[in-house]
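I opened this entry to record what I looked up, one item at a time. The structure goes in first.

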Amino acid sequence: MTQAEMAMPLMGVVTLAIAVIALLAALYAVWRAGRATRTVAELNQEVQSLRSANEAQFHADLAERGLKAASEK
């Protein structure tokens, strides 16, 4: 058996190992992308909540100014 014939099975194993590593890397990238999407959705929810709270505070301040202006007249 020549050296080339003995190396063939080893080359197949190395190729298979590289393919498995590439597959795992792709699956990890998809998993991370899914987590990032969820995080963006959570951040969007938080921004919406802060906007609502800010709007409520704005209206409260506006009403307070209106009352203050009416009491000064």
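My notes on the helix, the surface and the rings follow.

**Ground rules.** I am working with a predicted model, where local features need pLDDT of at least 70, side-chain atom pairs count only at pLDDT 80 or more, and totals for chains, interfaces and linings use all residues. Residues are numbered from 1 along each chain as its sequence is written, and side-chain values use heavy atoms, with hydrogens and water left out.

**The helix.** I looked up α1 and found residues 3-72. Helices here are DSSP runs (H or I, at least four residues), numbered from the N terminus. α1 has 70 residues and spans 101 Å from first C-alpha to last, close to the 104 Å expected at 1.5 Å a residue. That expected span is 1.5 Å times one less than the number of residues. Where does α1 bend? I found a bend of about 25 degrees at Pro9. The bend is the angle between axes fitted to the seven residues ending at a residue and the seven starting there.

**Two distances.** I checked Ala33, which is in α1. Its C-alpha is 49 Å from that of Gly66, 33 residues apart along the chain. Val47 also lies in α1. From Val47 to Ala4 I noted 63 Å, C-alpha to C-alpha, at 43 residues apart in sequence.

The class lies between buried (under 20% relative accessible area) and exposed (over 50%), with a 1.4 Å probe and protein chains only. Ala33 is partly exposed at 42%.

**The patch.** I found Leu16, Val20, Leu23, Leu24 and Leu27 forming a nonpolar surface patch with about 490 Å² of accessible area together. Like charges are joined within 9 Å, and nonpolar side chains (Val, Leu, Ile, Met, Phe, Trp, Tyr) within 5 Å. Areas come from the Shrake-Rupley method with a 1.4 Å probe; for residues, only the protein chains shown count as cover.

**The rings.** How many aromatic pairs are there? I count one. Tyr28 and Trp31 form a tilted pair, 5.9 Å centre to centre, with 35 degrees between the planes. Rings of Phe, Tyr and Trp (its six-membered ring) pair if their centres lie within 6.5 Å; planes under 30 degrees apart are stacked, over 60 edge-to-face, the rest tilted. Both residues lie in α1, three residues apart, about one turn.

Conventions: Patch = residues over 30% accessible without salt bridge, like charges linked within 9 Å, V, L, I, M, F, W, Y side chains within 5 Å. Salt bridge = Lys/Arg side-chain N within 4 Å of Asp/Glu carboxyl O. Helix = DSSP H or I, 4+ residues; strand = E, 2+ residues; numbered from the N terminus.
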